[in-house]
Amino acid sequence: MSFDIRLPIGLLFLAIGVILVGYGLSSDAEIYRVHSLGTNINLLWGGVLVVFGLLMLALTLRKKT
Amino acid sequence: MHLGFVDWAIIALYLLFVLAIGILASRRTKTGSDFFLAGRSIPAWVAGLAFISANLGAQEVIGMGASGAKYGIATAHFYWVGAIPAMIFIGIFMMPFYYGSKARSAPEYLRMRFDEKTRGFNAITFAVMTIFSSGISMYALAKLIGILHVLDAPIHAMGLPPSAAFHAAIILSAAVVLAYIYLGGLKGAIYNEVLQFFLIVAGFAPLVWLGLKSVGGWDGIKAQLVPTYTHAWQGMAHASTNPLGVDWFGLVMGLGFVLSFGYWCTDFLIVQRAMAADSMGAARRTPIIAASIKMFFPFLVILPGLIALSLTASAMKGHVPGAVAHPAGVSSTVAQGSAEAPLIPVKIDSASGKPMVDSTGQPVLDYDLAVPNMLLKFFPTGMLGLGLTALLASFMSGMAGNVTAFNTVWTYDIYQAYIRKEASDDHYLLVGRLATFGGIALSVAAAYLATRFNNIMDMLQLVFAFINAPVFATFLLGMFWKRTTGHGAFVGLVCGTAAAAIHHGLTLPAGALAGFKGGWISVLHTYPSEMAQNFYTAIVAWSACFVITIAVSLMTKAHAEKDLEGLVYSLTPKITETTSAWYARPVFAGLVVLTGALILNILFR
């Protein structure tokens, strides 16, 4: 019986996503003008990672039940 | 560069998870089979993603970006010609013998099929090659950490000179890989490789998206660069009319056949992932699943280099290799970038302190900086942490792939075969764990050796040409021609490797000095580029091994047919796969992926 790698992947991506979203909401918009063409890439990509993390966790849970 | 608290938090989280997976895997690592073969318990999709990651070292992520900037989209040949067909081939045709023979390693298959000396030769050369690969990966990471000034603040705080960052990066990264392989063995490495795969995608996808937005999409790239940089097949008829400096025959035979099949079909670092799969069906699907994803990787790792070159061309008003002379219709977003330093800087001559120019007056660019500078330009604090984590992940997966393969080959094919034959499973498990230390220590030494080379990819191709190219002829003949004998295989292998060395010694790439780059015997022929020389070295090595193996086999006594059952195509019952759905069967899935690669070639012709 091997463990389900989707669990740690889900947890890590959720954690990184939450950090990026949190920082994206609190950071100065100036850094996005300098770097990412005005797009708040932390908020945007953090959101994507949160969704991906939750999806992985959902797949892990679905298998267990 | 200043890393914020968020960046460090993301990197620290990643390291925590990597170690945790190592510890989790160690709880299930009790026997040699667990440590070296992951207990043959890995599902196909996990093995497939690990198959990609193990090959995706830092040298690939940085090197492919650098090659993308140096040679353009033709770099994608390393995927669409130089990887996908071979990955399909091993899944459909070769995996039944690797997995079905119950060999624990690729060299061990050679012992079962041929004899001890063939195994020994392959095991030793392979062990040397894994050490080099892992050292190069380590060097790439350490150099990158120096360039990005990631460790400068903590190094300064400790009162050490800035050069200590290079050494600290090598030691720290090696220690983490050491820990999770020591604990979890192949299982720890494979499960981490899956995590690392997702991180690499997560770190690079937004970079490509922002980069494309900045340059004005694919059309924006085409507006800045000459057509041979955006068309993979244009100018391939002659070496002088394409950026690679290779003709189509050298490309298709050298890269697409010899180097590609030599690497993807015989390299144990790759094959080991599939051999860890939980069933024959899963083992055969592993490389095909990997190929279905791998064919899209040029967009992730090569495109950043092309974007960087386009932005550089725009900033330098077309005065870089590959740029159109006077770009028309420069968009306003691109023009903004021109006020900053170019993404790919001009190399500075360390003696005179002046920018370097080539014989045609074009500036010489430092392509290895393309990807790191893209990260710095487009990622603010936060995303930068994720981007660095992706680089770290690629480095660790590549290194772990080498170290796990080294452990197995060292323990089973060298230690058990020649040093201590009869010992308990516990003893070999301990030897494998200790080999992790030895392998990593040697990799560190190789990393310092790698500082002597400029383009990392070219050096890697050179090493592969010497060692891998002849090996594929041996496996091919061994699996598909029952008359091949052990003496034939061994003499063929030795002659193939010797032929590679002699060819390298007699030829030189244009503009290079005799020595490390070739021509150390005498210069009989000059190739238009180092890549062309490497490809033809491989062709010569393979051909020599193929012909000599056949000739010597015919002169020596054939193996008894009953000893070859399960090892040779004609003496093994055909596998009729009925357990999985029709779309998951290797032949069908393989053809679909192959068609996909063909379509990509046509789209970017």
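Helices (H or I, at least four residues) and strands (E, at least two) are DSSP runs, numbered from the N terminus. This is a predicted model, in which local features need pLDDT of at least 70, side-chain atom pairs count only at pLDDT 80 or more, and totals for chains, interfaces and linings use all residues. Residues are numbered from 1 along each chain as its sequence is written, chains are lettered from A and ligands numbered from 1 in the order in which they are written, and side-chain values use heavy atoms, with hydrogens and water left out.

View 1. A salt bridge here is a side-chain nitrogen of Lys or Arg within 4 Å of a carboxyl oxygen of Asp or Glu. A:E30 is partly exposed, at 36% relative accessible area. A:R33 is exposed, at 57%. The cut-offs are under 20% for buried and over 50% for exposed, with partly exposed in between (1.4 Å probe, protein chains only). The whole structure holds eleven salt bridges over all chains.

**View 2. B:E193 and B:R273 form a salt bridge in chain B.** Their closest N and O atoms are 2.7 Å apart. The pair links distant parts of the chain, 80 residues apart. B:E193 belongs to helix α10 (residues 164–215), B:R273 to helix α14 (residues 268–275). B:E193 is buried, with 0% relative accessibility. B:R273 is buried as well, with a relative accessible area of 0%.

**View 3. B:K562 and B:D563 pair in a salt bridge.** The closest N and O atoms lie 3.4 Å apart. B:D563 is partly exposed, at 44% relative accessible area. B:K562 is exposed, at 63%. Elsewhere, B:R104, B:E108 and B:R111 are joined into one network by salt bridges that share partners.

**View 4. The second largest cavity lies in chain B, with a volume of about 60 Å³.** A cavity is a set of points, on a 1 Å grid over the protein atoms alone, where a 1.4 Å probe fits but cannot get out; lining residues have an atom within 4 Å of a point. Its volume is the space filled by probe spheres set on the points, which are joined across faces, edges and corners. Four cavities of 30 Å³ or more are counted in this way. The lining of the second largest cavity includes B:A106, B:P107, B:N122, B:F126, B:M129 and B:T266. B:D267, B:F268, B:I467, B:N468 and B:V471 are also among its lining residues. Helices α7 (106–113), α8 (116–148) and α21 (456–480) of chain B each give two or more residues to this lining. By class, the lining has seven nonpolar, three polar and one charged residues. Here Ala, Val, Leu, Ile, Met, Phe, Trp, Tyr, Cys and Pro count as nonpolar, Asp, Glu, Lys and Arg as charged, and the others, Gly among them, as polar. Domain 1 and domain 2 of chain B each supply at least three lining residues.

**View 5. Chain B is divided into domain 1 and domain 2.** Domain 1 takes in 5–238 + 267–298 + 378–451 + 580–603. Domain 2 runs over 459–572. These bounds come from an automatic or database domain assignment. The C-alpha centres of the two domains lie 25 Å apart. In the interface, 26 residues of domain 1 are in contact with 36 residues of domain 2. Contact means heavy atoms within 4.5 Å.

**View 6. B:T130 sits in helix α8 of chain B.** B:T130 is buried, at 2% relative accessibility. Its contacts are B:N402, B:A405 and B:F406, leaving aside neighbours within four places in sequence.

**View 7. B:A38 and B:K102 each have a positive phi.** Most residues other than glycine have a negative phi. B:A38 has a phi of about 55 degrees. B:A38 is in the loop between α2 (32–37) and α3 (44–55) of chain B. B:A38 is buried, with 0% relative accessible area. For B:K102 the phi is about 60 degrees. B:K102 is in the loop between α6 (84–100) and α7 of chain B. B:K102 is exposed, at 57%.

**View 8. B:A551 is shown with B:G492.** Their C-alpha atoms are separated by 8.9 Å, and the two residues are 59 residues apart along the chain. B:A551 belongs to helix α23 (residues 530–555) of chain B. B:A551 is partly exposed, with a relative accessible area of 35%.

Definitions and conventions:
On a 1 Å grid over the protein atoms alone, a cavity is a set of points where a 1.4 Å probe fits but cannot get out, and a pocket is an open set with protein on both sides within 12 Å along at least five of seven lines; lining residues have an atom within 4 Å of a point.
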